[in-house]
Amino acid sequence: MTGQAFFVLTALADGPRHGYGIVREVEELSQGRVKLKIGSLYGVLDRLATEGLIEPDREEPHDGRLRRYYRLTRDGRRALAEEAELRAATARVVRARLGLTGPAAAGAAG
Amino acid sequence: MSGDLGLEQRYRRVLRLLPGYYRQRWEEDMVAAFLDSWLTGDPEDDDAILEFCKPTWPEVASVAGLAARLYLGAAGAPRRYFAWGQAVRRAVLAVMLVHAVLGLEVLVRTAWSRRLFGLPAPPASLVTLSPGGVWPTVYHVVNVAWIVVFVTLALGHYRTARVLAVLAIVPGLAALLQAQLTGIRPAPFGPWAWWVLFNLVPVAAMTAFHRDAPPAARLPWLLALPAGYLLVFGPLLALEATGSSAWLPDWPGLCCLLAALACLVHVPRAWSRQADGSGVWSLTLTLLGAVAGAYRIITLSDYWHDPHLIKVSLAELLMLAAAAALVAPDAARAQAATPASPLLPSLG
């Protein structure tokens with residue numbers, strides 16, 4: 001799973017969001033590191049929809065246009081959980097190799 | 001007039017880069033998200049934004065990148081775009097194979113001229129690159145780089161292959177510019193045509209190897225490297241070594257004949273209509289034939305002084321056109337449009 005797809009799925013984890021809502025949420029989640037352009041966002045959304053990981057939730061009128069909201073599917077939730085576990089496991093290994101685990105490291109960091 | 005367009009119309013014009021089936025599915029949503037990203041909620045500011053602002057270049061680039069990925073589609077894309085994507089990927093691999101085989105040939109010549117691996121002394125008729133100097137060294141490095149580009153591409157390391165390919169075409173451009181500036185131009189059009197058609201265009205077309213692209217059949221492509229050398233350059237080297245290479249066509253002519261031969265070999269599959277994926281190969285061969293034909297046509301201008309060479313070149317072109325015409329109908333069938341499947345379930 002690409003970093004962008006991971007962030008988009010994470011943005012939808014706590015509820016449906018519309019296109020720009022996902023862009024803002026991804027920027028916040030990544031602490032400003034990932035700023036999705038609209039073309040990139042819809043490339044990711046199209047791929048995730050094709051893979052059955054997201055689906056349309058509802059449409060709401062806003063300023064004369066319809067905003068379409070997306071939500072995670074059951075498969076999407078499972079895929080995100082698996083990816084999160086994989087990334088967390090990798091992060092644990094990295095922290096262990098850098099000696100960043102345990103009370104000593106915590107004390108040194110503090 | 002573009003000056004009369006508002007932000008929304010300007011963005012919709014950018015979205016025209018995308019295939020129709022994709023616009024039908026996503027355009028309104030993209031426009032809504034795009035305008036959301038600009039508008040502030042303040043009516044006065046928003047009126048000014050809608051009237052005077054334009055989509056930023058990074059935004060346009062993101063749509064162009066998406067368009068390239070969609071037109072050169074992967075599995076799941078409508079049949080036409082998948083066929084084009086596969087054909088372009090195979091054509092790029094084929095051109096990289098040509099570069100790799102040429103690189104292998106340079107290595108063999110160098111090994112032979114230096115009598116490495118116990119090889120006997122080469123005959124005087126064998127042309128070898130004189131060692132030493134900056135350009136010969138760069139030439140050797142670039143040729144080895146093409147072998148690495150081909151192998152990494154066939155193995156699916158697309159990003160590495162792209163970076164190496166971009167680096168590999170730079171020395172060729174530098175050499176051409178140097179020749180242009182110093183007035184050393186034995187054949188004014190041929191080298192430029194080679195660089196554009198066989199370096200710049202295929203490297204740009206490597207865009208087709210995006211993350212959704214299905215992997216190439218590794219083993220057949222990797223085996224094509226030694227096979228291509230043994231079947232094409234082995235005999236050529238032998239003819240040159242025995243001093244009987246005078247009747248051989250020049251390099252553009254050889255490209256035409258090889259492309260024509262590949263088309264003829266493929267004809268039984270293309271005409272059977274039973275073989276799976278034959279249409280994509282027909283499209284690939286048509287693309288390669290077009291590149292070889294364009295190379296031949298451009299290099300004709302280097303032969304205006306010699307009517308005999310012009311006649312030979314036209315005969316090569318004719319053979320290529322006839323062979324390509326035999327697979328062209330199958331290529332056309334491969335890209336016949338089919339409606340896109342509704343991947344997004346409709347609301348309600």
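Author: Let's start with the chain as a whole, then zoom in on one residue and the contact around it. Keep in mind that this is a predicted model. Chain B is built from 12 helices and zero strands, and 43% of its 348 residues are buried. Of its contacts with a separation of 6 or more, 70% link residues 24 or more positions apart.

Is B:D36 buried or exposed? B:D36 counts as buried, because its relative accessibility is 9% and the cut-off for buried is under 20%. Who are its neighbours? Leaving aside residues within four places in sequence, B:D36 touches A:H18, A:Y20, A:H62 and A:R67. With A:R67 there is a polar contact, side chain to side chain, at 2.9 Å.

Let's zoom out to the place where the two chains meet. Here 27 residues of chain B are in contact with 25 residues of chain A, and the area buried between them is about 2300 Å², with carbon and sulfur atoms giving 59% of it. Three salt bridges are counted between the chains; one of the pairs that meet in a salt bridge is B:D212 and A:R47, at 3.0 Å from N to O. There are also 10 residue pairs in polar contact, both at pLDDT 80 or more. Helix 1 (7-15), helix 2 and helix 4 (57-71) of chain B each supply at least two residues of the side that touches chain A. Helix 2 gives the most, with 11 residues. That side of chain B divides into 17 nonpolar, two polar and eight charged residues.

Terms used: Residues are numbered from 1 along each chain as its sequence is written. Chains are lettered from A and ligands numbered from 1 in the order in which they are written. Side-chain values use heavy atoms; hydrogens and water are left out. Helices (H or I, at least four residues) and strands (E, at least two) are DSSP runs, numbered from the N terminus. Buried means under 20% relative accessible area, exposed over 50%, partly exposed in between (1.4 Å probe, protein chains only). Contact means heavy atoms within 4.5 Å. A polar contact is a pair of N or O atoms within 3.5 Å; within protein, one must be able to donate a hydrogen and the other to accept it, and residues adjacent in sequence count only if both atoms are side-chain atoms. Buried area is the accessible area (1.4 Å probe) that two parts lose on being put together, summed over both. A salt bridge is a side-chain nitrogen of Lys or Arg within 4 Å of a carboxyl oxygen of Asp or Glu. Ala, Val, Leu, Ile, Met, Phe, Trp, Tyr, Cys and Pro count as nonpolar, Asp, Glu, Lys and Arg as charged, and the others, Gly among them, as polar.
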